Amino acid sequence: MKHFALALAAAWISSLAFAQQPATPATPPSTPPPTQAAPPAPAPSWQQGRPTEQATSALHPFAPILTGRPAAELPVDKLKVPPGFKVEVWVDRVPEARSLALGDGGTVFVGNRNLTDVYAIVDGGGKREVKKIFKGMKSPNGVAFSKGTLYVAERGRITAYDGIESRLDNPPEARVVIENLDPTNQSGHFWKFLAIGPDGKLYFNIGAPGNIVMPAYFQASINRVDPATGVMERVAQGVRNSVGFDWHPKTKQLWFTNHGRDWVSDDMPNDTLHRLSAKGMNFGYPFCHQGDFLDPDFGKGRSCKEFDPPTAKLGPHIAPLGMRFYNGTMFPAEYRNNIFVAMHGSWNRTTKIGYNVTRVVLDEKGNVAKMEPFLEGFLTDAKADPPMWGRPVDVLVMRDGALLVSDDYNGIIYRVSYKK
């Protein structure tokens, strides 16, 4: 024991002496390595999937005029509708007016994609007032109304506002229906369309996170959530980007528009119109487009027969957005249960097309029998940059049977009516 204590003391003294020794001078640093260049910033999502042979392409999306433009500055007289119909400006100065919803008391609610506000338009005897009811939201594109409650779909959540029409100047606090809908903060197709189904559930899209990429399990889909319980389920997959859907008045089947991928060619692939006849259908993205065109990258070793085809091809890069079945009584009887589709218009195409509202006529079996332009005149020069002065986004059937059409490029809503 004595020897152990002496050894321990000697070790402690030795360590103390070592600690008190002057520090060895550090070796002078050598010439520092050259500073490495920061990695290049990732390309914007709309350029994703662009092949090297198109790297110098001048094609690009067209940004809306976020401040809006007064209708008096625009060639509204250039707009055309079929004989017997009339188109006029219903209201202007609604910045980036996109999705539309109609309240029980006649209030029209308007969402937007690039801004942060939600608007309510009140019609007081022909004089319309635009009220900003919410601000500071994250891409509040989707709006829907049911039984006195307004629902708003932001990029990451859906919220509810009970009794909103009686409180437009003092809106209620948000009630969260569901959140965490954008866990990856995806760069592409994060905005959401929102609608109430015949089952009372809220239907919404979660787009693909880029032009042509392998989506996560929850992306490139259409989903629904029970507003009472917050329970969500997927109803369709393989849907690249749907920003408009509605239910057939008779069959109650869900119909929706969908955007095909970019950067293949001017004429491929088509954007499409779909019908959901059973829960869980898969419409092909990213493997197959337009029902019969295998993707150049992701389609290798796959077959389009694996997937559910579209009901109709609408045109290449035509950008179909909002759609509604016409269930009003103002228009002639042959328009009953037709579909009106807002064609936002192409950018990924040398010669631009779209920029109109298209009428889709179905036959007795529910198949597309005819498609024709209904409201046109926004496109001015198919090869110009930009080629248009306005862009339709959503359509809404009013209680009197008139059709409202939103234009996000100018922040205007038009009204189409009919008189014999």
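**View 1. Strands β8 and β9 sit side by side as an antiparallel pair.** In this predicted model, three bridges join β8 (residues 158–162) to β9. Look for T159: its bridge partner in β9 is V176. Strands here are DSSP runs of E with at least two residues, numbered from the N terminus, and two strands pair if DSSP finds at least two bridges between them.

**View 2. Four strands make an open sheet.** Reading across, the order is β6-β7-β8-β9, and the pairing is antiparallel. The edges belong to β6 (142–146) and β9 (175–178); each has a single partner strand, so one side of each is left without a neighbour in the sheet. From one strand to the next, the twist averages 25° (axes are lines fitted to C-alpha atoms, and angles run from 0 to 180 degrees between N-to-C directions).

**View 3. C288 and C304 form a disulfide.** A disulfide is a covalent bond between the sulfur atoms of two cysteines; here the pair counts if the sulfur atoms lie within 2.5 Å. These two are 2.2 Å apart, and a search of the whole structure finds one disulfide. The bond links distant parts of the chain, 16 residues apart: C288 is in strand β18 (residues 288–289), while C304 is in the loop between β19 (293–294) and β20 (312–316).

**View 4. Here is a closer look at the two cysteines.** The torsion about the S-S bond of C288 and C304 is about 105°, so the disulfide is right-handed. C288 is buried, with a relative accessible area of 3%, and C304 is buried too, at 13% (buried means under 20% relative accessible area, exposed over 50%, partly exposed in between, with a 1.4 Å probe and protein chains only).

**Notes.** Residues are numbered from 1 along each chain as its sequence is written, and side-chain values use heavy atoms, leaving out hydrogens and water. Because the model is predicted, local features need pLDDT of at least 70 and side-chain atom pairs count only at pLDDT 80 or more, while totals for chains, interfaces and linings use all residues.
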